[in-house]
Amino acid sequence: MLESLGIDSVDRLFDSLGDLVLDAPVDLPGPLSDDELREYFGRLEGMNRVPGRDLASFLGAGAYRHATPAVVDHLLLRGEFLTVYTPYQPEFSQGTLQAIFEFQTFICLLTGLDVANASLYEGATAFTEAVLMADRIQKKRRRVVVSRGIHPHYRATLRSYARNLDLEIVEVGWDASGRTDPAALEAAVDAETICVAVQSPNYFGVVEPWATASGIAHRAGALSIAVVAEALSMALLESPGAGGCDIAVGEAQSFGLPLSFGGPYLGFMAVREEHKRAMPGRLAGETVDADGERAWVLTLATREQHIRREKATSNICTNQALCALAATIYLALHGKVGLRRLAEINLQRAAALKRRLAAEAGAGAAAAFSGPIFNELTVRADEPVPELLAGLQADGILAGVALGEDYPELADCFVLAVTEANPPADAERLVRALAARTGAAQAV
Amino acid sequence: MSDETDRPAERDPRIPHVAWQNEGLLFERSSPGRIGVTLPASGVDETPLDELLPDGLLRAEVEGLPELSEVDVVRHFTRISRKNYALDLGLYPLGSCTMKYNPRINEDMARLPGLAGSHPLQPESTVQGNLALFWALERALIALTGLERVSLHPAAGAHGEFAGIVMARAALGRRGEGRKYVLIPDSAHGTNPASARFAGFEVKELLSNAQGTLDLADLEREMTGDVAALMLTVPNTLGVFENHIREIADIVHGKGGFLYCDGANFNAFVGKARPGDMGVDVLHMNLHKTFTTPHGGGGPGAGPVGVASELVPFLPVPTVERGESGFYLDFDRPHSIGRIRSFHAQFGMLIRALAYIMSMGGEGLRQVAENAVLNANYVRKGLEGTYHLPYSSPSMHEVVFSDKIQHEAHHVTTLDIAKRLMDYGFHPPTIYFPLIVSGALMIEPTETVGRQELDHFIEAMKEIAREAAEDPDLVRGAPYTTPVRRCDEARAARHPILRWKPDGE
């Protein structure tokens, strides 16, 4: 090949780099064979203790351990899905495009809204994009009202973006039920409010009625944003669309994606019809080919950065296509009956643990958080939470996520999750371990 | 873009009209009573749902969700997968996208249960393996870039751009400078101006010169004390290395600004030269390009961002540090730009990238760059003369042609050429980008393709040029052999159908 280019060395091709070319290779480990890689990563793996294998785990808080059918990964590993680019050339990408169209449909059905995009990075950036979108729609208004029941990472991410864009963020606390305080919310919203954002189930695991926040928002001419960090809940809970919300965003990791220490996950966004052109991210749409056959293409691209550059609705240039495909396969396998039943199992097991904790600690204790739950529960402990969680960890149980760091006023609380991956024996083990330590942990 | 020149269907009448066209949507294949999973019993005493979720919180059954068996689902997705062309099937020469082979050992490593099963909020003592992996990948990327630190958080290239440019903004803020503008060449990816805008800057565009590179005099003029940064792609999207990069850095630094490098094209010089040596202050890398994590149909990606020492205090939280009792997550960084996502990173993609780097080693990566550049130049040599080459500067990892010859003489456009290439069994190059080339055909073969396939590709491109001259309607009507023929994109945008709807809606 060098000969055909008329050069004697490949170095000639780097002449334009001048003396920037390194004299020696960069000092890196390797090259390693497959077996040597297995050994290296096997060692790293051995330094971890893994939920469900080495430790009983009730960790949730935005990342949920659910069972994934074997089919999901087998299909994802097909090179025809794995090794393809963004479907800009539709004639060569009908498989990816159809799957995205199906994903968009699933998200619409679950959220009760009209239009969903092809996915966003993950929950926190999806939430942030929703707020930025609301800002674009509202133009002159400057204030964003968000519930403190929204995942702390989501709110922190919003702050990192808002800081550069002259957006004011007002946060609203919770009431005795653990829901966003409706009176405080009402008081925070006025004619300057861009949007009102509430999460359900919220970070404390409490289910919020969408209509409260959307009603307050709409009376002030603001948009209503629904945040869902546990997507499975949508199979059982009233949808954001039915609750009057304008935009629904969240995290769909629960639909077939491994915990994988936090990513890659699957942000989703759905909106009412009238806002579709203000949406960020890719959209697949139906059309026909030259023979009149049904086909799918990426569409409404004039919103996007490769066309609109600095005037685009977002800088996003990817979606989480393979993660969205995993979710689409997962949802297809579960289907109408399976998804609902799975959600019921989560709810029934969490409710049973809540009852069991109350009974163990003595019924009739004053419940600070009285609101209904889905598969997460905030527990108040008599013993300091860091010590309690460390002690339970020593017993082989990851009991939950402490709330004190993000919510100083809840320093005596932690939030735990119960899914179909937690057999009832796990829950019993947790209750006994708690009772043995303090005799006083109680569901609140 | 259905146009007037469409030919009638040329499908073989002996082949029944099935399979491809008849794989409907999941929702259309639904059959009541089917389910594709077996769920466990709850194992607890169940309470009526409306007691657990009172006051209208409980929704009715989700209307429209399909009911399918496991085999229904497997067949559906296997069938539609066959409507995709894939890197595993052959050359996928998308310029600036770096469609290189995705080694399968990386997939296996990302699926190790001890890594894939870890929860992001586990105590640090129980995830030392993950944190060691962060540490190792960051060290490798530091070695390759010559920068001081690398944040592994960004979920994609554009996210890395955003984080990088916000760090520059924060550093200027700490100096008490509220600079207003970011300079971006007209050849840049659209994400650059969009990222700068979302970081609160206004964008000023710089015009490329006749060589396709930055004009230094122009830069001197535009680089004022009100400019925060220059965002530069190296090599640029014409595949041309900015041979004055150090002077460019000096001009930018001389005015107190930062040099941002878009590392989308890092594959051209990975292991061969280091951005840190060029005077770059911030660089994002696309792990799904240079470091072989699969594109997956458009994601998930990962866009780590490296910084020079002045920007280290502003890295997003948390960083991974090593202390006496092991690795830990550091949130105590008072000047940090804050969190830019939930949890830590696209961890699964980091595993794949580290596996790739370790499978190659330093010498292997140097050869990656060499072979990537060699292959692009081989294609350039093969097609020069047949297709118009708008910039004659030396090519690095990609080469940009245009449709000038075919368009002017035969009214055959880049889009036609791209579609016809599918009939020859190749994915088209990136088309109509960069914007500074009318009818651009941007070809990046990467290093993971052999000479034989490059020869086939060159042959196909020449054959199409011949067809354009002799039978332009043939090219304009393409493709003919794909699962669907040319798709009407204008209609999709005019009458958007963005979802399936249940009957009666």
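**Chain B as a whole**

Select chain B to begin: of its 505 residues, 65% count as buried, where buried means under 20% relative accessible area, exposed over 50% and partly exposed in between, with a 1.4 Å probe and protein chains only. This is a predicted model, in which local features need pLDDT of at least 70 and side-chain atom pairs count only at pLDDT 80 or more, whereas totals for chains, interfaces and linings use all residues. Residues are numbered from 1 along each chain as its sequence is written, chains are lettered from A and ligands numbered from 1 in the order in which they are written, and side-chain values use heavy atoms, with hydrogens and water left out.

Colour chain B by secondary structure and you will find 15 helices and twelve strands; helices (H or I, at least four residues) and strands (E, at least two) are DSSP runs, numbered from the N terminus. The radius of gyration of chain B, taken over C-alpha atoms, is 26 Å, close to the 23 Å from the globule rule for 505 residues, so the chain is as compact as a globular protein of that length; the rule itself is 2.2 Å times the number of residues to the power 0.38. Along the principal axes, the C-alpha atoms of chain B fill a box of roughly 75 × 70 × 45 Å.

**Two helices of chain A**

Next, select residues 385-394 and 424-437 of chain A, which are helices H12 and H13, packed at an angle of about 125° with their axes 11 Å apart. That angle makes H12(A) oblique to H13(A), since angles under 35 degrees count as roughly parallel, over 145 as roughly antiparallel, 65 to 115 as roughly perpendicular and the rest as oblique. Axes are lines fitted to C-alpha atoms, for helices over the stretch in contact, and angles run from 0 to 180 degrees between N-to-C directions.

Show side chains where Glu387(A), Leu388(A), Gly391(A) and Leu392(A) of H12(A) meet Leu430(A), Ala433(A), Leu434(A) and Arg437(A) of H13(A); contact means heavy atoms within 4.5 Å. The buried residues of H12(A) include Leu388(A) and Leu392(A), and strand E14 (413-417) and H13 of chain A are among the elements covering them.

**Leu430(A)**

Finally, centre on Leu430(A) in helix H13 of chain A, which is buried, with a relative accessible area of 0%. Beyond neighbours within four places in sequence, Leu430(A) is in contact with Phe58(A), Leu353(A), Leu392(A), Ile397(A), Ala399(A) and Leu416(A).
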